[in-house]
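Work through these exercises with the coordinates open. Each task is followed by its solution in steps.

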Amino acid sequence: MVPFMRTVVILSLVAACSDAPPPAPVSRVWPVLGTTMSAAAWGADTARIGRALDAARDTADRPGPATAVDSLRRDIRRRTGIAVAADDIQEGAALDRAARVLAGVTDSALLDIGGQFLWIGPRATRRTVGIADPANSLNALATVELRSGSVSTSSQAGGTVSVTVLAPSGVAADAWSTALLGLGCDSALALTPRLGAPHVSVVCADSVRVRWTPDLDGRVLVPKH
């Protein structure tokens, strides 16, 4: 396993495709897995949403069925040769458990645990997520537009410094960002368009430049220095 650190990605914009201001969300913040989970949910029945958020909080530290997670880890090992430990993807799994509780109760919701985000709601909503520079978390290597699912960034010092993965689920984004960091940018960008399901998009930064998979053309912005 290549040592890495989870880079906090900064949610810089949540904007619906409408001129009307969005309604105020029902929000919760609670400690989980040694970090913090936050949730903001929108919908007409705020009392029901509040109960669902409390129920989502109760699932965060409660491990779910391991079958799907183990299958994903085996698939990643087969495709990359890299073993992703179950402990390395706890945050993504916790996001998915919370999302299952909120699905069908809220019109939309945004979940965040330790800098990994998961969006529940219409794809027409645009969310611009900043990819922090691991050498200086106040600077962004790039921003990427998240339209659905989850976004997770893993980083390390030197070589391939950052891999950001967009995937349909929290655990897939978490696991693939961990594994692809160990492959390096060239191999990660060559592999991901051939993966099939789950569909994975990648933004990869090394010491020279930031690159991404073709499906993200027009959705990644690299700041000028």
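**Exercise 1.** Find the sulfur atoms that form a disulfide, and say how far apart they are.

*Solution.* The model is predicted. C185 and C204 form a disulfide. Their sulfur atoms are 2.1 Å apart. The cut-off for a disulfide is within 2.5 Å. By this rule the count is 1 disulfide.

**Exercise 2.** Assign the handedness of the disulfide from the torsion about the S-S bond.

*Solution.* Take the torsion about the S-S bond of C185 and C204: about -90°. The disulfide is therefore left-handed.

**Exercise 3.** Which parts does the cysteine pair tie together? Are C185 and C204 buried or exposed?

*Solution.* Start with C185, which lies in helix α5 (residues 185-191). Next take C204, in strand β11 (residues 201-206). The pair therefore ties together parts that are 19 residues apart in sequence. Now check accessibility: C185 is buried, and C204 is buried too.

**Exercise 4.** Find the aromatic pair and classify its geometry.

*Solution.* The structure holds 1 aromatic pair. The partners are W42 and W119. Their centre-to-centre distance is 6.2 Å, and the cut-off is within 6.5 Å. The angle between the planes is 55°. Planes under 30 degrees apart count as stacked and over 60 as edge-to-face. The W42 and W119 pair is therefore tilted, at 55°.

Terms used: Residues are numbered from 1 along each chain as its sequence is written. This is a predicted model: local features need pLDDT of at least 70, side-chain atom pairs count only at pLDDT 80 or more; totals for chains, interfaces and linings use all residues. Side-chain values use heavy atoms; hydrogens and water are left out. Helices (H or I, at least four residues) and strands (E, at least two) are DSSP runs, numbered from the N terminus. Buried means under 20% relative accessible area, exposed over 50%, partly exposed in between (1.4 Å probe, protein chains only). Rings of Phe, Tyr and Trp (its six-membered ring) pair if their centres lie within 6.5 Å; planes under 30 degrees apart count as stacked, over 60 as edge-to-face and the rest as tilted.
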